[in-house]
Amino acid sequence: MISNRIGRAGRILAVSAALFVALAPALAEARAGGRSSFGSRGTFSNSAPRATPTAPTAAQPFQRTQSQPAAPQSSLNRAAPAPSGGMFSSPLARGIMGGLIGAGIFGLLSGSGLFSGLGSLAGMFGLLLQIGLIAIVAMIALNWWRSRQQPSLATASARSQMGGYGAAPPPNSNTSARMDAGQTTNSGFGSMFGGGLGSKPVTRELKIEGEDFNAFEKMLGDVQVAYGAEDLTTLRRVATPEVAGYFEDDLADQKRKGQLSKVGNVKLLQGDLSEAWSEPDYEYATVAMKFSLIDAVVDRATGRLIEGDLEKPQEATEVWTFVRPTGGKPADWKLSAIQQVA
């Protein structure tokens, strides 16, 4: 008897849940970028943005992107990997060995033996010392020249706030430590035979100001409203050509289906900075944003509601990346990517 009652109760609950799901309005994804992750993040297009209090879970990788495939990088600041290899993998060690071989060949050609060109044990060490000094000077000059050519990469503080909203970094986070991670490398004779003289990659902090965050918040509203209005002119102005092209494709697909997005009343609830860095020609800022908005899909001909709610705002959390030319102003930022939070 008890088991029969439990079975009937379970069936009633299952039927009730099914009816609730069937009768409840479906959550819409009518907003710009609501259905996929797309765009580019420069050097880090294939790397997941850092988690933030606003978006503590990983952002989805891009389903649509024009960036070239590359090995993912887990951090903005990474030390250049040391060449693998044995005793003679470093330039200094190869220089010493080259000097020994050159001296031996000279001795053979002169007819006085393989190592007679060195003269004596003291002469050999003198030659080694000269070669070592020359190699050290060459390596210092080479590392200085390389450091002048490397792009600058930096992160900004996780304590930055956006548009009056923000959150403290999660427990045990250390922004300063992350900024310095991978920058310090061993140098001197201790690394002579294991990968050459270490170098410190050139980095500089990309400072994101309050005006930048205001620009991000404004762009959130401008993009969503323009998308709902099918205003391609505005979308092309505030987004990169790549992202604007994806918006155009989505709107064209919506038209083919006879549907129309109703998006409005956009309000930023919380936002914080995930990453900010500079490349030779462009600067990037990746921001996690939680916002509310009217998000619905209606029939284009009749106005009948298909998905979402025309009166009750819905909440969404996404990760947006903005780009501008290096040294640009807050007004120069453009939307470069949108990623959904997994």
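Modeller: Let us take Phe 62, where contact means heavy atoms within 4.5 Å. Setting aside its neighbours within four places in sequence, Phe 62 is in contact with Ser 37, Phe 38, Gly 39, Ser 40, Arg 41, Ser 45, Ala 337, Ile 338 and Gln 339. This is a predicted model: local features need pLDDT of at least 70 and side-chain atom pairs count only at pLDDT 80 or more, whereas totals for chains, interfaces and linings use all residues. Residues are numbered from 1 along each chain as its sequence is written, and side-chain values use heavy atoms, with hydrogens and water left out.

Colleague: Where is Phe 62 found, and is Phe 62 buried or exposed?

Modeller: Helices (H or I, at least four residues) and strands (E, at least two) are DSSP runs, numbered from the N terminus. Phe 62 belongs to the loop between strand S1 (38–39) and helix H2 (91–109). For burial, a residue under 20% relative accessible area is buried, one over 50% is exposed, and one in between is partly exposed (1.4 Å probe, protein chains only). Phe 62 is buried because its relative accessible area is 14%. Its C-alpha atom is 8.0 Å from that of Ser 40, a residue 22 positions away in sequence.

Colleague: How many helices and strands does the chain have, and what pattern does the chain follow?

Modeller: The chain contains seven helices and five strands. Along the sequence the pattern is α-β-α-α-α-α-α-α-β-β-β-β. Of the 342 residues, 39% are buried. Among contacts with a separation of 6 or more, residues 24 or more positions apart account for 73%.

Colleague: Which residues of the largest nonpolar core touch the most other members?

Modeller: The general idea is that, in soluble globular proteins, nonpolar side chains tend to be buried together. A nonpolar core is a set of buried Ala, Val, Leu, Ile, Met, Phe, Trp, Tyr and Cys residues joined through side-chain atoms within 4.5 Å. Here the largest such core has 37 residues, of which Ile 208, Val 223, Phe 247, Phe 322 and Leu 335 touch the most other members. Two or more residues come from each of helix H5 (210–228), helix H6 (232–238), helix H7 (241–256), strand S2 (259–278), strand S3 (282–299), strand S4 (305–325) and strand S5 (334–340). H5 gives the most, with eight residues.

Colleague: What does Leu 335 touch?

Modeller: Not counting residues up to four places away in sequence, Leu 335 touches Met 219, Val 223, Val 238, Ala 239, Thr 240, Val 243, Phe 247, Trp 320, Thr 321 and Phe 322. Val 238 is buried because its relative accessible area is 6%. With the same exclusion of residues up to four places away, Val 238 touches Met 219, Val 223, Lys 334 and Leu 335. The C-alpha atoms of Val 238 and Phe 322, 84 residues apart in sequence, are 9.9 Å apart in space.

Colleague: Where is Leu 235, and which residues is Leu 235 in contact with?

Modeller: Leu 235 is in helix H6, and Leu 235 counts as buried because its relative accessible area is 1%. Beyond its neighbours within four places in sequence, its contacts are Val 223, Ala 226, Tyr 227, Ala 244, Phe 247 and Leu 251.
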